[in-house]
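Subject: Handover of a structure, with findings

Dear colleague,

Please find the structure below for your review. The findings follow directly after it.

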Amino acid sequence: MMDWTDTWCRQFHRLLTRRALLYTEMVHANAVIHGDRDRLLGFAAVEHPIALQLGGSDPATLAQAARIAADRGFDEINLNVGCPSDRVQSGAFGACLMAQPALVAECIGEMQSAVDVPVTVKHRIGIDDQDSERDLHVFVGAVAAAGCQTFVVHARKAWLQGLSPKDNRDVPPLDYARVYRLKAEFPELSIVLNGGLDDVAAARSHLTYVDGVMFGRLAYHQPWTLAAVDRLYFGADCDPRRDEVLAGVLALTETMRRDGVPLARLTRHILGLFHGEPGARQWRRILTEGAHHADAGPELVERAARACLPRAA
Ligand SMILES: Cc1cc2nc3c(=O)[nH]c(=O)nc-3n(C[C@H](O)[C@H](O)[C@H](O)COP(=O)(O)O)c2cc1C
């Protein structure tokens, strides 16, 4: 998620789930080719398995960017066909590509030829008036024929004119049944359902119909919910304990201090760690007030943890 799931966020989320696939923010293929690759593509070994999400619509450029990313060790390359922002539309990529299944198929074909790791697509159930079930099946069928096996489906359409990106994540109604029917139509494909999932345990019920689920805002705002993912979805015996996670957060802050990375790069991602728990407010307040100081480091996180969880810190 843009501006949210950077490497510090992902390293933090890895303390909560070892098994879930983590996604980067969308990075445009041109940026991968011409930009600061360490900044755009840098990740820590603990983040595996990790997928890079690319934006773009030129097959050769996407293929080149995919190759660069695969050489850096990404486990999957995902193409964004779901973002409706004006900036993305004016660049002719993101959700507007749902109107061009043949072009997306060409992009996927070239990307998949360039790398050995899976190339996947994240898309909507439709855009504008092109939102019939048949339109969706034509899109998925064309892209699957080009070699894509996994489709992450945000279960609402996008309105490309008139709705902000934020409204496009909330206003068009969710239609999970349409995603179920997509899986029924293409049983050989891996279909991952996304959109509006607000309970990690309850979301398991979708697995009766589809192959996976993706959590977006829930994972970010209520990260502790991720602590149950390995048990609920991957058969782990138990969940990580809060004190273990806090120890991991402190270790991460030590690494940041050693590498000269401001603590504020991490604190915004961990603000929700105690969401709904007693002490959550102190945790957020101490971190928010203290993180902008130049010398803020592990001590601040320790202090926030002590204020919030006296016995665990
Ligand atoms: C701040 C923000 C940034 C996002 N950036 C991306 C992005 O870069 N690529 C993408 O495919 N989806 C992006 N999304 C959409 C989410 O991945 C997800 O599809 C959407 O929020 C619906 O799922 P949720 O209800 O679980 O959050 C973003 C969402 C938010 C809130």
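Ala92 is partly exposed, because its relative accessible area of 36% falls between the cut-offs for buried (under 20%) and exposed (over 50%), taken with a 1.4 Å probe and protein chains only. This is a predicted model, in which local features need pLDDT of at least 70 and side-chain atom pairs count only at pLDDT 80 or more, while totals for chains, interfaces and linings use all residues. Residues are numbered from 1 along each chain as its sequence is written, and side-chain values use heavy atoms, with hydrogens and water left out.

Ala92 has a positive phi of about 60 degrees, although this residue is not a glycine. The loop that holds Ala92 runs between helix 5 (86–90) and helix 6 (101–114); helices (H or I, at least four residues) and strands (E, at least two) are DSSP runs, numbered from the N terminus. Asp128, also not a glycine, has a positive phi of about 45 degrees. Asp128 belongs to the loop between strand 4 (119–124) and helix 7 (133–145), and is partly exposed at a relative accessible area of 23%. The peptide bond from His48 to Pro49 is cis, with omega near -5 degrees, and Pro49 sits in the loop between helix 3 and strand 2 (50–55). These features deserve a note because most residues other than glycine have a negative phi, and most peptide bonds are trans.

**The ligand site**

Which residues come nearest to the ligand? Of the 15 residues around the ligand, these are Gln53, Lys122, Asn194, Gly196 and Arg217; a residue is counted as near if one of its heavy atoms lies within 4 Å. By class, this shell comprises five nonpolar, seven polar and three charged residues. In this scheme Ala, Val, Leu, Ile, Met, Phe, Trp, Tyr, Cys and Pro count as nonpolar, Asp, Glu, Lys and Arg as charged, and the others, Gly among them, as polar.

Polar contacts (pairs of N or O atoms within 3.5 Å) include the following:

- Asn194: an N or O atom of the side chain is 2.6 Å from an oxygen atom of the ligand.
- Gly216: a backbone N or O atom is 2.9 Å from an oxygen atom of the ligand.
- Met26: a polar backbone atom is 3.2 Å from an oxygen atom of the ligand.

On its own the ligand has 610 Å² of accessible area, and the protein covers 89% of this; the areas come from the Shrake-Rupley method with a 1.4 Å probe.

**Pocket and cavity**

Both kinds of space were found on a 1 Å grid over the protein atoms alone: a cavity is a set of points where a 1.4 Å probe fits but cannot get out, and a pocket is an open set with protein on both sides within 12 Å along at least five of seven lines, with lining residues having an atom within 4 Å of a point. Grid points are joined across faces, edges and corners, and a volume is the space filled by probe spheres set on the points.

The second largest pocket has a volume of about 560 Å³. Its lining consists of 22 residues, and Asp6, Glu25, Val27, Arg39 and Leu40 lie nearest the centre. Helix 1 (7–14), strand 1 (22–28), helix 3 (37–41) and helix 12 (264–270) each give two or more residues to this lining, and strand 1 gives the most, with five. The lining divides into nine nonpolar, four polar and nine charged residues.

How many cavities of 30 Å³ or more are there? The count comes to one. The largest cavity holds about 40 Å³ of space and is lined by Met98, Ile125, Gly126, Ile127, Gln130, Asp135 and Leu136. Four of these lining residues are nonpolar, two polar and one charged.

**Further positions**

Glu254 is in helix 11 (residues 242–259) and is partly exposed, with a relative accessible area of 46%. Glu254 and Val143 are 111 residues apart in sequence and 44 Å apart in space, C-alpha to C-alpha.

Asp211 lies in the loop between strand 6 (190–194) and strand 7 (212–214) and is partly exposed at 41% relative accessible area.

Leu263, in the loop between helix 11 and helix 12, counts as buried because its relative accessibility is 4%.

Yours sincerely

Notes
Polar contact = N/O pair within 3.5 Å; in protein donor to acceptor, adjacent residues only side chain to side chain.
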